[in-house]
Amino acid sequence: MRGKLIVCDGSNGAGKSTVLEHIKDHLNSKNIEFISTREPGGTEVGEKIREILLDKSYSNMCSTTELMLFAAARAQHIHEKILPALEKGIHVISDRFESATVSFQQYGRGLPSQIVDQLNDLALGDFRPDMTIVLDLDPVVGLERVRSRGEGLDRMEEVDIEFLERARQGYLEQAKSYPERFTVIDATQSLENVVEEALATIDKQI
Ligand SMILES: Nc1ncnc2c1ncn2[C@@H]1O[C@H](COP(=O)(O)OP(=O)(O)OP(=O)(O)O)[C@@H](O)[C@H]1O
Ligand SMILES: [Mg+2]
């Protein structure tokens with residue numbers, strides 16, 4: 001049986017990485033075979049591209065360059081890592097994926113939807129994740145959480161609140177358009193409740 005791709009996505013600081021750790025523990029406890037990965041990144045080439053995308057010294061990077069770098073990393077990710085795993089029946093869980101490009105580059109930066117769709121199609125063909133869990137949070141709260149983590153902000157986090165608010169709406173719009181493959185979780189809840197909802201979604205998929 002083919003594996004499934006499950007994505008955890010949402011605003012900066014919404015709790016994606018924390019929730020993914022719980023998902024990994026859950027899958028391990030059930031002896032389910034999976035790999036975990038992230039975007040941008042996930043491959044050697046992709047991680048190099050990630051360094052460029054998150055580097056604060058490139059504050060002059062234009063939106064089109066940014067879009068194409070995300071897509072380039074994604075093309076490598078799907079062909080080198082994700083599809084081969086799924087074909088072997090191994091599930092893949094990813095910290096962010098194509099939904100982030102729709103939210104940040106289309107809704108956030110204002111690039112045309114046809115162009116963003118074309119770039120996602122170029123990278124992925126007609127493949128899309130089986131399920132995308134969106135952790136929904138006011139970006140002001142998300143940034144506070146990121147700051148309280150004490151690691152400083154990267155290039156994609158050093159942007160204005162209006163940009164992040166548009167991106168948040170982008171996630172909600174995608175979830176409305178594709179309810180069969182998106183689940184929105186209110187990330188203002190306690191971590192315990194967020195994890196419980198996320199695991200219920202995982203159990204329905206895997
Ligand atoms: N439901 C929650 N309630 C309160 N704090 C939370 C919750 N979920 C996560 N946190 C805390 O918020 C901070 C950010 O969480 P995390 O790093 O998992 O977010 P993220 O979505 O992966 O962020 P980034 O977008 O930077 O990758 C962490 O310190 C984490 O412990
Ligand atoms: Mg994270």
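Close-up 1. Of the 16 residues around ligand 1, the nearest are Gly15, Lys16, Ser17, Thr18 and Arg145; a residue counts as near when its C-beta atom, placed from the backbone, lies within 6 Å.

**Close-up 2. Helices around ligand 1.** H1 (16-29), H6 (139-149) and H8 (191-205) each put at least two residues into the shell. The top contributor is H6, with four. Helices (H or I, at least four residues) and strands (E, at least two) are DSSP runs, numbered from the N terminus.

**Close-up 3. The open sheet.** Five strands line up as S2-S3-S1-S4-S5, with parallel pairing (two strands pair if DSSP finds at least two bridges between them). S2 (34-38) and S5 (182-186) sit at the edges with a single partner strand each, so one side of each has no neighbour in the sheet. From one strand to the next, the twist averages 20°.

**Close-up 4. S1 beside S4, with H8 across.** S1 (residues 5-10) and S4 (residues 131-136) run parallel, joined by five bridges. Val7 faces Thr132 in S4. H8 lies across S1, S4 and S5, at about 170° to S4. Contact means C-beta atoms, placed from the backbone, within 7 Å; axes are lines fitted to C-alpha atoms, for helices over the stretch in contact, and angles run from 0 to 180 degrees between N-to-C directions.

**Notes.** Residues are numbered from 1 along each chain as its sequence is written, while chains are lettered from A and ligands numbered from 1 in the order written. In this predicted model, local features need pLDDT of at least 70 and side-chain atom pairs count only at pLDDT 80 or more, whereas totals for chains, interfaces and linings use all residues.

Definitions and conventions. Contact = placed C-beta atoms within 7 Å.
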